[in-house]
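Please look over the sequence and the structure before reading on.

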Amino acid sequence: MQPIKVFATTGTDRLARRVENELRLRLAEHKGAFCVEHGEVAVSRFSNENMEVQVGNVRDHIVVVLHTQTPPVSDNLVQLMALLDAINNAHPRQTFVVFPYMPYSRSDRKNKPRISVMGQRLPEILNRVLGVRRVMLLEPHDPHIKQYFVPTADEIPGVPLLVDYMRCHYLSKWSAEECSVVFADAGAAKRFEEVPVALGLEQAYIHKARVDNTESPSVRGVTGNVRGRHCFLVDDEILTGNTVLKDAAILKAQGAASVRMLGVHGVLCDQKLSTDELIKKLADSEVDEFVVTDSIPVDEKIALADGKFKVIPVAPLLGEACKRLILGESLSELHNLIDGDLASVLG
């Protein structure tokens, strides 16, 4: 029997427990071949604020480590490095690192003089210093981020979860003629072009122009039929929500019946606002509903929004992907779920 242990950093614990249960359920069909256990982690902090991480026995184990972005982001990232170091020192058979949402993934371009580029440095540290060879990313902000890892990280799309949600919750009560998928910019139109095709919906576009790198884009107009329609905006993440609030106001002014925003990652942070103020701003906006996954813990935040947020569990998808990594199976089928039956694969 091959032992498998699932570890997590602080803040990722609850999601890791759910992924662990999903992985155990999926490996149960291989009777007696695998034993999935929770990896115990002890984190100690000394008077000088240094951190020490200790793990239980993982010698000759397959180890799965989950880490997502939770505050304090940088402190938890150091904890991830210490955790991986402790695991390496205990001689596992193989280690997989899973990022439901990778910290610093947006900091990957040197677009100003003399700035850090941690989105590139983090993969190098994991590879060269900590010896990580197998990494999985869930719907990274920019797909090229996986190429900073050696070998290239595996990417799992999260958009099929959003498409399945729209199919089950919206198209079950509204006809296709009553709905439109709206692309907020050219980047979204290219990245999510399969969404309206998979759902059989018309497309609309919000045309924007950006004067320079510092100013917010100005809206030039809307192309496509939105009047009297239920409009769906799709993106990989919702950060401050400022862009979607402006887009929703524009669509409502054009006669949209409703506006719903669907994003894989609910980051929901704004340096200028407290969490309460941000959630209240979103709850009071023209957006009728926000849909996100729990790739980042959002329960405490959305509790302030009086039901305006819906959360899709991501553990079944991650559990299935982890199972395939461990068994050496292809992940390609998970990329085709946007057109297929998600329930038949994820259960």
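## Terms and basis

Helices (DSSP runs of H or I, at least four residues) and strands (DSSP runs of E, at least two residues) are numbered from the N terminus. Pro151, for example, sits in the loop between β7 (134-138) and β8 (154-156).

The model is predicted: local features need pLDDT of at least 70, side-chain atom pairs count only at pLDDT 80 or more, and totals for chains, interfaces and linings use all residues. Residues are numbered from 1 along each chain as its sequence is written, and side-chain values use heavy atoms, with hydrogens and water left out.

## Overall build

The protein has 12 helices and 15 strands. Its C-alpha trace spans about 60 × 50 × 35 Å along the principal axes.

Of the 347 residues, 50% count as buried. Buried means under 20% relative accessible area, exposed means over 50%, and partly exposed lies in between (1.4 Å probe, protein chains only). Contact means heavy atoms within 4.5 Å. Among contacts between residues at least 6 apart in sequence, 70% join residues at least 24 apart.

## Glu289 and Lys310

Glu289 lies in strand β14. Lys310 belongs to strand β15 (residues 309-312). Their side chains are joined by a polar contact of 3.3 Å. A polar contact is a pair of N or O atoms within 3.5 Å; within protein, one must be able to donate a hydrogen and the other to accept it, and residues adjacent in sequence count only if both atoms are side-chain atoms.

Is Glu289 buried or exposed? Glu289 counts as buried, because its relative accessibility is 10%. Lys310 has a relative accessible area of 31%, so Lys310 is partly exposed. Each has another polar partner. The side chain of Glu289 makes a polar contact with that of Arg260 at 3.5 Å. A polar side-chain atom of Lys310 lies 2.9 Å from the backbone oxygen of Gly307. Leaving aside neighbours within four places in sequence, Lys310 also touches residues including Tyr165 and Val292.

## Thr293

Thr293 is in strand β14 (residues 289-293). Thr293 counts as buried because its relative accessibility is 0%. Its side chain reaches the backbone oxygen of Val264 at 2.6 Å. The side chain of Thr293 also reaches the backbone nitrogen of Ser295 at 3.2 Å. Beyond four places in sequence, the contacts of Thr293 include Leu161, Gly266, Val298 and Val311.

Most residues other than glycine have a negative phi, and most peptide bonds are trans. Some places here depart from that. The peptide bond from Pro71 to Pro72 is cis, with omega near -5°. Pro72 lies in the loop between β5 (62-66) and α2 (73-89). Val150 and Pro151 are also joined by a cis peptide bond, with omega about -5°.

Tyr104 has a positive phi near 65°. Tyr104 lies in the loop between β6 (94-99) and α3 (118-129), and is partly exposed at 27% relative accessible area. Asp306 has a positive phi of about 55° although it is not a glycine. The loop between α9 (299-302) and β15 holds Asp306. Asp306 counts as exposed, because its relative accessibility is 75%.
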